[in-house]
Every structure is written in structure tokens, then in C-alpha cells.
Amino acid sequence: MNIATALLILGFLVYAMVRRFLGEPLESRRLVLLPLALTAYGVYTVAQTDFVHPTADLVALVTGGLVAVAGGVLRGRTVRIFVRDGHTWYRYTWVTLAVWGGLIALRFGQAVAAVSLGADQSVLTASLALALGLSFLGEAAVVGPRAMATGAPFAPRRRDRDRVRVGR
């Protein structure tokens, strides 16, 4: 992973966190497709990496993936879901941000432990997008059913919402 990719991932993360902390309409497409795309990109970047220590690298990847999904599930439980303008919205809470902080610290600790046990740093670095994608999928696995339980529909796509506002 080069610095441009790392900055893109960081930018995506900050963008998603700010939007979700401010509250936004919950679109089913955005809830699932963006994490799937990020996960697919993560799989691609990991596949491009040379596995110098395959066993340690695989253990580190599986452990990191499980932690990412579990963290996403935990984070999804802290998200506030509500109905506004006839469809579901969601908003990160301060607890959500605290969980994010804990997960980032856990990710650093996991990377240090994995390298000390023989995993290759380049594999761990390449797996960052994969971990983020899996984490967002874990969050979606909790937020989606909670949103459906409200009985309100998911928000339409932004361009469809804009058409309704201007009366087209």
C-alpha cells in the first residue's frame, strides 16, 4: 500500500465518520455496497502482497478479520436509528466514536503482536482496507435489521430525494 492509498482510505474513513456523526438518511445501497467495494479492494490488495510467512500472515489476517467484524457489530449496536421525513436515518453517538477509537487502538496492538509473532508488516498494511470493509459490513449487519425494525423504509437515493424536494 502506498501513501496515496493510505490517504484515500483515511479520507474515506473521516468522510464516513463525519457524515454519520452528523446524521444522514440511511440508504440500503450505501449501507451495503460501499463496505462490499472496500472489502473487495482489500482482498485485491492483500492478494497482490507476497506472503513471506504464510502461516503467520494467514493467522494475522483471519484474526484481524474477525476482530474487524466483531468491532463493526459492536459499533452498529451504538448507532442511533430514527425515523425522519418518512424514512430511516442513523447517527453515530459519542459511544460509537469511543468504540471507533478502541478499535483503532486494538488494530495497532494486533499489528504489533502479529509482527512480533512473525507476520509480515506488508501483509498487515495491505489488509487495512479489508479490515475497514469487514468492519463496515459488521456494522451494516446490525444497523440494517435495526432500521427495518422501525417499520419505516430506507431512504431513497440522494438524487431521488432531490427530485421529490423540487417537485419533479
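**Entry 1. Helix 3 against helix 6**

I began with two helices and noted that helix 3 passes helix 6 in a right-handed crossing. The model I am reading is a predicted one. Two packed helices are described by the angle between their axes and the distance between the axes, so I looked up both. Helix 3 covers residues 54–78 and helix 6 covers residues 128–149. Their packing angle is about 35 degrees, and the axes are 7 Å apart.

Next I listed who makes the contact. From helix 3 I wrote down Gly65, Ala68, Val69, Gly72, Val73, Arg75, Gly76 and Arg77. From helix 6 the list reads Ala131, Leu134, Ser135, Phe136, Gly138, Glu139, Val142, Val143 and Arg146. Sorted by class, this contact has eight nonpolar, five polar and four charged residues.

**Entry 2. The cavity**

How many cavities of 30 Å³ or more does the structure hold? I found one. The volume of the largest cavity is about 30 Å³.

Its lining consists of Ala60, Leu61, Gly64, Gly65, Arg107, Ser127, Leu130, Ala131 and Leu134. Helix 3 gives the largest share, four residues. By class I have five nonpolar, three polar and one charged. Checking back against Entry 1, I see Gly65 of helix 3 in the helix contact and also in the cavity lining. Ala131 and Leu134 of helix 6 are likewise in the contact and in the lining.

**Entry 3. The largest pocket**

I turned to open space. The largest pocket has a volume of about 620 Å³, and 26 residues line it. Which residues lie nearest the centre of the largest pocket? I noted Ile104, Arg107, Phe108, Leu128 and Leu132. Arg107 had already come up in the lining of the largest cavity.

For the elements that give two or more residues to the pocket lining, I recorded helix 1 (3–22), helix 3, helix 4 (94–116), helix 5 (121–126) and helix 6. Helix 4 gives the most, with eight residues. The pocket lining divides into 18 nonpolar, seven polar and one charged.

**Entry 4. The sheet**

Strands of a sheet pair through backbone hydrogen bonds, either parallel or antiparallel. Which sense applies to the pairing here, parallel or antiparallel? I read antiparallel, in an open sheet of three strands with the order 1-3-2. Strand 1 (24–25) and strand 2 are the edge strands, each pairing on one side only.

I took the two pairings in turn. Strand 1 meets strand 3 over two bridges, in the antiparallel sense. Here Glu24 stands opposite Tyr90 in strand 3. Helix 1 packs on the sheet and touches strand 1 and strand 3. The direction of helix 1 makes about 115 degrees with that of strand 3.

Strand 2 (residues 80–84) and strand 3 (residues 87–91) pair over five bridges, again antiparallel. I found His87 of strand 3 as the bridge partner of Arg84. The hairpin of strand 2 and strand 3 has two residues between the strands.

**Entry 5. The whole chain**

Last, I stepped back to the chain. I counted up its secondary structure as seven helices and three strands. Along the sequence the pattern runs α-β-α-α-β-β-α-α-α-α. The C-alpha trace spans about 60 × 30 × 20 Å along its principal axes.

Key:
Residues are numbered from 1 along each chain as its sequence is written. This is a predicted model: local features need pLDDT of at least 70, side-chain atom pairs count only at pLDDT 80 or more; totals for chains, interfaces and linings use all residues. Side-chain values use heavy atoms; hydrogens and water are left out. Axes are lines fitted to C-alpha atoms, for helices over the stretch in contact, and angles run from 0 to 180 degrees between N-to-C directions. A crossing is left-handed if the near helix is turned anticlockwise from the far one by less than a right angle, and right-handed if clockwise. Contact means heavy atoms within 4.5 Å. Ala, Val, Leu, Ile, Met, Phe, Trp, Tyr, Cys and Pro count as nonpolar, Asp, Glu, Lys and Arg as charged, and the others, Gly among them, as polar. On a 1 Å grid over the protein atoms alone, a cavity is a set of points where a 1.4 Å probe fits but cannot get out, and a pocket is an open set with protein on both sides within 12 Å along at least five of seven lines; lining residues have an atom within 4 Å of a point. Grid points are joined across faces, edges and corners, and a volume is the space filled by probe spheres set on the points. Two strands pair if DSSP finds at least two bridges between them.
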